[in-house]
Amino acid sequence: RHVHNQWDYRRPIDYRFATLEPRHYAEVCKLFDINDPKLLVGSNAMEYVGAVCFPTVDWPAVTGLSEGPVHDLRVARKFLGKIENNTLTDEDLAELRALKEPFYAEAFEAMRRHVREALAEAEGKAVIEPTPDVPLAELFDAIIAPYRGKVVLVDFWNTWCGPCRMALKAIEPAKSGELNSDDLVWLYIANETSPLVTYKTMIPEIRGKHFRLNDEQWKHLCKQFDIDGIPSYVVVDRDGSYRLRNDLRDHSAMVSTLRAMLE
């Protein structure tokens, strides 16, 4: 790819890449001690963690290591998503406590306490609308149905998306300014890749209706509107018609468009 400057991964190339096998990885591991904790020190530590946790290479099996960073990081890594969404169980903690290094269990216990405290603080402030229990083909229509007769700006976003957060910050003042209208509904759709704690602490600052979809629902809507990335916007007119309007990524265009629709 470097020689031919071919970095478009969607385009097939007439080349067969070498397939690395466990024996090849085992040879690499003979070059240095990949289980040395000192590899976690320094500016490149996350590259080491990413490599050790890379799912297609079973480093503990390749190296025969049953303890130390190579083993322990892979065990701990699988619980990160659970801690972010407050689904870490006592059984999960027991698995972490079984590791020889006590740091992981201590860290996850502290994170779980922080998560639960943050969620308790957000209780009553963060309102997540119930997702309509309808077939996927009817999902979007069901979400916007209560607002028929109004103009609806539907924003597809997630907490981890930098451009989404910048756009939210940029448009928020207009809701109490030039776009202040009871006939305009701001509707926000995210999915479960937005960690629950981050999501619940963010949405009280974003005026509007908030929906948090599961993976299947999100993928269906992305396919329905041919969404190429986020933020993406769908505008719903008063008669219930709608279409994707990613020209509204230009926020001056968003303000002028919505003002015209409200007149």
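This is a predicted model: local features need pLDDT of at least 70, side-chain atom pairs count only at pLDDT 80 or more; totals for chains, interfaces and linings use all residues.

Trainee: Okay, helix α2 to begin with. Which of its residues are buried?

Mentor: Helix α2 covers residues 45-53, and its buried residues are Ala45, Tyr48, Val49, Val52 and Cys53. Looking down the axis of α2, you'd find those buried residues within an arc of 120°, so they line one face of the helix.

Trainee: And which exposed residues sit on the face turned away from the buried side of α2?

Mentor: That face carries Met46 and Glu47.

Trainee: What do the buried residues of α2 pack against?

Mentor: They pack against two helices, α3 (59-63) and α4 (69-77).

Trainee: Switching to the sheet: what's the strand order?

Mentor: It's an open sheet of five strands, running β3-β2-β1-β4-β5, with mixed pairing. At the edges are β3 (209-213) and β5 (242-244), each pairing on one side only. From one strand to the next, the twist averages 20°.

Trainee: How do β1 and β4 pair?

Mentor: Strand β1 (residues 151-156) and strand β4 (residues 232-236) are antiparallel partners, joined over five bridges. Within that pairing, Val154 is opposite Val234 in β4.

Trainee: Which strands does helix α12 touch?

Mentor: Helix α12, residues 251-262, packs on the sheet and touches β1, β2 (184-191) and β4.

Trainee: What angle does α12 make with β1?

Mentor: The direction of α12 makes about 155° with that of β1.

Definitions and conventions:
Residues are numbered from 1 along each chain as its sequence is written. Side-chain values use heavy atoms; hydrogens and water are left out. Buried means under 20% relative accessible area, exposed over 50%, partly exposed in between (1.4 Å probe, protein chains only). Helices (H or I, at least four residues) and strands (E, at least two) are DSSP runs, numbered from the N terminus. The arc is that of the directions from the helix axis to the C-beta atoms. Contact means heavy atoms within 4.5 Å. Two strands pair if DSSP finds at least two bridges between them. Axes are lines fitted to C-alpha atoms, for helices over the stretch in contact, and angles run from 0 to 180 degrees between N-to-C directions.
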